[in-house]
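The following exercises ask you to read a structure step by step, each with a worked solution.

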Amino acid sequence: MGKQYNSVRAMIKEMDTDAGFKEKAELEIENRQISKFLVVLRCTHGLTQKQLAGKAGCTQSRVSKIEASYDTEISVKDMIDYGKVLNLKLEIGYRKPTVKIVDLIKYHAGKISFYLNQLVEIARDKDDESINEGVFNFFKEAIVNINALILKPYSKLTFPGKSDKNIIHISAPLDAMESISNGADNTNKASK
Amino acid sequence: MAEWTIETTGQYDRDSKYYSKKHPEELTAVLDNLDTYLLLLNACAGPFQATAGFIHNEPDGMKAIDQKGSKSRNKLQQTRLYIYAHHEKQILYLLGIGGKSGQGEDIQRCREFVRLIRTGG
């Protein structure tokens, strides 16, 4: 089989063709980020263009036009209308194009930490066993998933000195801890 | 959740080279729609019902992405990019590109690729 790419733009960059085509194609994709985002939002909510139009009180051709628009042609009202239909709040943000990827990762890590602490606060405030259990189970999943999130791209890296050995991924360390503690309980029971 | 990877076939590489020279606007339009499809794959946990006008269901789980939605002033020719999404491997295979006239042959050729992919060939 052929080459692998992480994005369409990366594939276009590597295409065996003239630079003029590549530039135009990349620009076309670059200029439609918002409309694509709206298509994804609609599809992930399981709606057709017609269904969304019905809920928004406009025609299907209007939705089709929005989803084929360049970013400069989409109004804030269009985005608010999608939000209303999909029960989502619109949040708008800016960031400097010079922001480094590592700083973005740190920013999101900070946000994850903030929300995890909020979950802990909720569990403490409510003092409800089912909520406590839900939060505890979420943390167990998050520990595994966040590790996997880092290990998967890391495993694709090649650099001098990196061991050829495969990374051993322990899928559920807390389950293992539980079974150890259960084992200890059983041992205690047996000794009693 | 891990991101999807695109993998090209030799047939796709040849077709895309031809289209970039002979039908650049059509190729740009299908690649733009492919970008949307990839965003959808990355946004959805499993197989999903993509309800965008540019996606067509084809035999053996293949999909065809067409040129619809382009803002070109010229009337674009009917163009189809044949793809196969392998959900277990999270690889989106690009099988080939064709027009409306040779559609039957293109589909048959791409189905052979899909059989190979499914049998791990």
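Two residues are in contact if their C-beta atoms, placed from the backbone, lie within 7 Å. The model is predicted, so that local features need pLDDT of at least 70 and side-chain atom pairs count only at pLDDT 80 or more, while totals for chains, interfaces and linings use all residues. Residues are numbered from 1 along each chain as its sequence is written, and chains are lettered from A and ligands numbered from 1 in the order in which they are written.

**Exercise 1. Describe the side of chain A that touches chain B.**

Step 1: Begin with the contacts, where 27 residues of chain A meet 31 residues of chain B.

Step 2: Helices (H or I, at least four residues) and strands (E, at least two) are DSSP runs, numbered from the N terminus. On this side of chain A, β1 (4-5), α1 (8-14), α2 (19-30) and α3 (33-44) each supply at least two residues.

Step 3: Sort the residues by class, where Ala, Val, Leu, Ile, Met, Phe, Trp, Tyr, Cys and Pro count as nonpolar, Asp, Glu, Lys and Arg as charged, and the others, Gly among them, as polar. The side of chain A that touches chain B then has 14 nonpolar, 6 polar and 7 charged residues.

**Exercise 2. Trace the open sheet of 6 strands.**

Step 1: Two strands pair if DSSP finds at least two bridges between them. The order is β1(A)-β1(B)-β5(B)-β4(B)-β3(B)-β2(B), with mixed pairing.

Step 2: At the edges stand β1 of chain A and β2 (55-57) of chain B, each with a single partner strand, so one side of each has no neighbour in the sheet.

Step 3: Between the chains, β1(A) and β1 (residues 5-8) of chain B run antiparallel and are joined by 2 bridges, and A:Gln4 stands opposite B:Glu7.

Step 4: Within chain B, β3 (residues 63-65) and β4 (residues 79-86) pair in the antiparallel sense over 3 bridges, where B:Ile65 has B:Leu81 as its bridge partner.

**Exercise 3. Is A:Val135 buried, partly exposed or exposed?**

Step 1: Locate A:Val135 in helix α8 (residues 129-155) of chain A.

Step 2: A residue is buried if 20 or more other C-beta atoms lie within 10 Å of its own, exposed if 12 or fewer, and partly exposed in between. A:Val135 is partly exposed, because 19 other C-beta atoms lie within 10 Å.

Step 3: Leaving aside neighbours within four places in sequence, A:Val135 is in contact with A:Leu119 and A:Ala123.
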